[in-house]
Amino acid sequence: MTRRRPARLAALTLTAAAALTLSACGGDDNSSDDKDKIAGADTGSSSPSASPTSEPSTADRPKIELPSDLSYKFDWPKTGDEDKDAVLADSEQSIKAVDLAIVNQNALDKAYLYYYEAEAAAGTQKFIQDYVDQKAGLTGSYRFYAPEVAVDDDGTASLSYCEDQGKAYVKFLKTNKIRKTEVTAESYVIYHTSLRKNADGVWQVTKVVSQSGSAKCQP
């Protein structure tokens, strides 16, 4: 399913009595028998830290400023390969850009559209619109880890990584009520993304597939 990080808002056809959750939309994702855990899947500290990846390229990127109640930890260090490090750096920005659109309650926010195209852009727009329709936002901390990146000579790349959503929650904007959920196996999500470098040298996400409860991402 070509959707951007669907795991944080499941059951998007909500009734008035239904609640937003952070469990993943497993039915939308590709299933697999992930029997081997990825190295680095230990949950570690949830405190925010600066990403060790390289800075994005010199293209005129949008400024992404998120509220203080949202924090991120990217445990994906530099690889030493210029192209791979650029993929990691742009992917970090693309993740934050989607959250900025949710914070801004704008399904056509320019920041995420800078980093997404094709199927991924269309799916991400719907994903953000679901938050807007429910007047829901985000709070808490996210951790990303165990990246596996490959770059091809034709200007395309692939990136797989894990996300720990155990301390991230949905916040209802009208009441500021936070829906806290239990940490379960479903709190750990693996993503498989396809990217393409555009004329400005930006690695844009073209496709996203996710699986909640992946054995590879469990602590």
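Me: In S4, Arg-179 is the bridge partner of Val-170. What does it take for two strands to pair?

Reply: First, a word on the model: it is predicted, with local features requiring pLDDT of at least 70 and side-chain atom pairs pLDDT 80 or more, while totals for chains, interfaces and linings use all residues. Residues are numbered from 1 along each chain as its sequence is written, and side-chain values use heavy atoms, leaving out hydrogens and water. Now to your question: two strands pair if DSSP finds at least two bridges between them. Strands are DSSP runs of E with at least two residues, helices are runs of H or I with at least four, and both are numbered from the N terminus. Here, strand S3 (residues 156-172) and strand S4 (residues 177-179) run antiparallel, joined by 3 bridges. Their hairpin has 4 residues between the strands, and Asn-176 takes a positive phi near 60°.

Me: Which other strands pair with S3?

Reply: Strand S2 (residues 136-151) pairs with S3 in the antiparallel sense over 13 bridges, with Ala-157 of S3 as the bridge partner of Val-151. S2 and S3 also form a hairpin, where Gly-155 in the turn has a positive phi of about 85°. Strand S5 (residues 188-197) is antiparallel to S3 too, with 9 bridges between them; Leu-159 stands opposite Thr-193 there.

Me: Is S3 mostly covered or uncovered, and how many of its residues are buried?

Reply: Buried means under 20% relative accessible area, exposed over 50%, and partly exposed in between, using a 1.4 Å probe and protein chains only. S3 is mostly covered, with 13 of its 17 residues buried.

Me: Which residues have the most contacts inside the largest nonpolar core?

Reply: In soluble globular proteins, nonpolar side chains tend to be buried together. A nonpolar core is a set of buried Ala, Val, Leu, Ile, Met, Phe, Trp, Tyr and Cys residues joined through side-chain atoms within 4.5 Å. The largest one has 42 residues, and those with the most contacts inside it are Trp-76, Tyr-116, Ile-128, Phe-144 and Leu-159. Among the elements that give it two or more residues are helix H1 (82-104), S2, S3 and S5. H1 provides the largest share, 8 residues. Turning to contacts (heavy atoms within 4.5 Å), Leu-159 has partners beyond four places in sequence that include Trp-76, Val-87, Leu-88 and Thr-193.

Me: What does the side chain of Thr-139 make a polar contact with?

Reply: A polar contact is a pair of N or O atoms within 3.5 Å; within protein, one must be able to donate a hydrogen and the other to accept it, and residues adjacent in sequence count only if both atoms are side-chain atoms. The side chain of Thr-139 makes one with the side chain of Asp-69, at 2.9 Å. Thr-139 is found in strand S2 and counts as buried because its relative accessibility is 8%.

Me: Why is the pair of Tyr-114 and Tyr-115 edge-to-face?

Reply: Rings of Phe, Tyr and Trp (its six-membered ring) pair if their centres lie within 6.5 Å; planes under 30 degrees apart count as stacked, over 60 as edge-to-face and the rest as tilted. The count comes to 12 aromatic pairs. The rings of Tyr-114 and Tyr-115 have centres 5.0 Å apart and planes at 70°, so this pair is edge-to-face. Phe-127 and Tyr-131 are also edge-to-face, at 5.4 Å centre to centre and 85° between the planes.
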